[in-house]
Amino acid sequence: MNAVRHALGRIASAVFLSVVGAFFALPMLWLASAPFDATPSITVSVPEFTLANFRAILDNPYALGSIGNSVIQAGGAAAVVVVLAALAAYALSRVRVPGRDVLLYVLLLLSSVVTGTAAMVPIFELATRLDLIDTHLGVILVVSGGLLPAAIFILKDFMDATPTSYEESARVFGASPLQILRHIVVPVVRPGLATIAVWAVASVWGGFLMQYILLRDPEKSPSAVILYTLYTEGGQPNLDLISTFSLLYSLPVVLMYLFVSGRYGFRFHGGIKQ
Amino acid sequence: MSTDAAGLGRSRAVGFVLPALVLIGVFLVFPALWTIYLGLTDYRLTGLAAADPQVVGADNYTAALGDDRFRTSLWLSVQYVLGSAVIGQAVLGFAIAWTLRDRRGPVRRIVEGLVLLSWILPSSVVAFLWIALLDRDGGTLNALLNTPGAAWLLDHPMLSIIVFNTWRGTAFSMMLYAAALENVPPSHLETARLAGASTFQQLRDVVLPRIKGHILTNMLLISLWTFNDFTPFLITAGGPEGRSEILPFYVYTTALRGGQLGFGAAVSFLILLINLVFALAYLRLLRTRDRAHDRGDDGGHDDEPGADPAIRGTAA
């Protein structure tokens with residue numbers, strides 16, 4: 001009786017996992033087949049193998065440039081977030097700044113409440129008045145403002161967990177605070193900084209809404225926005241271009257994920273995601 | 001932890017914190033406060049009210065609450081959150097975590113890998129993948145189900161984006177529940193099984209009491225994110241005829257496309273308030289858990305991924 005139940009349970013779980021696997025794989029099959037298909041259609045099919053489709057990217061005036069824009073915006077935002085969050089987190093971790101706990105609590109609350117959706121109207125208006133529409137700087141500043149609170153919070157945890165003894169002995173030997181920061185603290189918390197950098201790059205690389213409302217000029221638009229215009233703006237969508245471009249644009253995020261999960265184990269923090 | 005080991009000093013410490021605070025202040029705090037003011041005006045993108053906006057008091061709010069399109073949109077948002085987050089992601093995520101709990105090896109890696117991949121791919125890519133999947137003429141789904149010409153996105157737009165978001169976001173619930181289930185001692189399950197408890201009874205009597213906190217954390221976070229999710233706009237753009245126009249799309253179309261900035265800001269403020277309720281509930285939950293943790297009667301809720309309160313910022 002028990003053996004029968006056990007066997008049925010195994011079968012049920014195998015069936016369930018196959019269905020789940022199929023459900024999650026089905027939409028992605030197209031991304032794996034169409035870019036290499038000589039005559040890509042919207043239906044998934046076994047490709048008649050070719051690499052010629054990747055040419056379409058070179059022929060489009062905005063495709064390659066948009067990847068460059070994504071690199072500038074994601075890299076710029078990651079640099080701003082890592083540097084500012086590291087400085088703030090270090091000071092908050094080591095020095096008793098008055099009102100620190102309240103500050104952290106409020107920051108945390110704000111970062112979850114003031115989402116892109118809730119703030120798109122004032123952010124658009126603010127960017128217009130500051131002349132930041134259609135600039136890389138505008139995108140970098142706006143997205144950094146959104147990512148910083150969580151970054152400070154995570155890095156402060158990281159710094160709290162780091163013993164202060166190295167800093168103390170360096171101080172005994174006469175190192176200045178900035179030297180200590182550069183030569184002792186940064187190397188010790190490097191994994192934390194790397195995590196924040198990867199997280200910021202991935203968020204901005206995949207982010208859509210802010211980039212969409214802050215940029216009108218296709219010359220400045222990142223891949224997320226250009227890809228969207230490729231399949232929504234009139235006429236028959238160019239499937240060789242869409243499929244190869246999607247693949248090329250997705251690849252860095254997938255590689256980063258593999259890198260992080262291989263190096264640090266894939267321990268996700270709350271909403272670490274774009 | 002507050003020993004100033006590097007001899008930073010208070011003034012330099014303030015100097016370290018200040019740049020980050022300025023950026024957060026200008027691009028996160030100020031917009032939130034400004035929404036309140038803008039929402040009280042008749043500010044428009046173009047025309048007379050753009051040059052000289054007037055304060056109209058609560059007019060925008062009464063107009064919104066009296067607007068059928070707003071009420072429909074709010075109701076669609078409720079359906080979207082309940083359908084795709086509370087039911088879709090949470091239930092599917094738990095079911096996957098439960099089924100995989102004592103499996104190792106390739107099956108687990110493949111299933112987890114696929115679920116995670118759907119989560120990390122950029123949103124404009126997954127949006128097109130779903131457009132292709134559901135396409136009326138050449139869509140893979142119609143080819144599989146042998147229903148040529150079924151226009152899923154036109155006939156069932158809400159169902160389509162609910163299934164889409166379930167697919168998109170299940171990974172978070174799966175990971176959170178997988179971590180939670182590691183806190184359920186296998187010996188307790190074994191005892192229950194030997195006593196003849198069915199799977200349902202084991203879940204209810206052994207598992208549920210131990211992961212209650214995780215369930216609540218998960219519900220609050222995924223509801224908040226789903227409520228603010230803009231991704232399905234890339235699939236249906238709110239159509240056809242506004243039948244999938246959830247609140248984020250409503251704000252976008254009325255304020256930024258239609259130019260009614262004041263009105264859009266008022267609706268944004270309502271969204272902010274709803275977010276605030278979710279966020280306060282979540283932080284409160286974390287605090288009670290921290291206190292329980294300090295007392296040492298935490299009930300084994302260590303290493304919970306959701307407890308690290310990093311939340312998606314405006315880049316979402």
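At which residues of chain A does UniProt place the feature "transmembrane region"? The unreviewed entry gives residues 12-32, 71-90, 102-124, 136-155, 192-214 and 241-260 of chain A; UniProt positions follow the numbering used here, feature names are shortened, and annotations may be inferred rather than shown by experiment. The structure is a predicted model, in which local features need pLDDT of at least 70, side-chain atom pairs count only at pLDDT 80 or more, and totals for chains, interfaces and linings use all residues. Residues are numbered from 1 along each chain as its sequence is written, while chains are lettered from A and ligands numbered from 1 in the order in which they are written.

**View 1. Overall build of chain A.** Chain A contains 12 helices and 0 strands, where helices (H or I, at least four residues) and strands (E, at least two) are DSSP runs numbered from the N terminus. With a radius of gyration of 24 Å, well over the 19 Å that the globule rule gives for 274 residues, chain A is more spread out than a compact globule. The radius is taken over C-alpha atoms, and the globule rule is 2.2 Å times the number of residues to the power 0.38. Along the principal axes, the C-alpha atoms of chain A fill a box of roughly 70 × 70 × 35 Å. Of the 274 residues in chain A, 47% are buried (20 or more other C-beta atoms within 10 Å of the residue's own, with C-beta atoms placed from the backbone).

View 2. Residues 71-90 of chain A are 100% helix and 0% strand, with end C-alpha atoms 28 Å apart.

View 3. An automatic or database domain assignment supplies the domain bounds, which divide chain A into domain 1 (2-50) and domain 2 (60-264).

**View 4. Surroundings of Trp205(A).** Trp205(A) belongs to helix H9 (residues 190-206) of chain A. This residue is buried, because 26 other C-beta atoms lie within 10 Å. Apart from neighbours within four places in sequence, Trp205(A) is in contact with Ser70(A), Ala74(A), Pro252(A), Val253(A) and Pro122(B).

**View 5. The contact between chains A and B.** Chain A contributes 98 residues to the contact and chain B contributes 88 residues. Helix H6 (residues 136-160) of chain A provides the largest share of the side of chain A that touches chain B, at 14 residues. That side of chain A comprises 66 nonpolar, 23 polar and 9 charged residues.

**View 6. Chain B and its annotated domain.** Chain B has 14 helices and 0 strands, and 45% of its 316 residues are buried. UniProt, in an unreviewed entry, lists residues 70-282 of chain B for "domain: ABC transmembrane type-1". That span is 79% helix and 0% strand, and its end C-alpha atoms lie 27 Å apart.

Terms used: Two residues are in contact if their C-beta atoms, placed from the backbone, lie within 7 Å. Ala, Val, Leu, Ile, Met, Phe, Trp, Tyr, Cys and Pro count as nonpolar, Asp, Glu, Lys and Arg as charged, and the others, Gly among them, as polar. A residue is buried if 20 or more other C-beta atoms lie within 10 Å of its own, exposed if 12 or fewer, and partly exposed in between; C-beta atoms are placed from the backbone.
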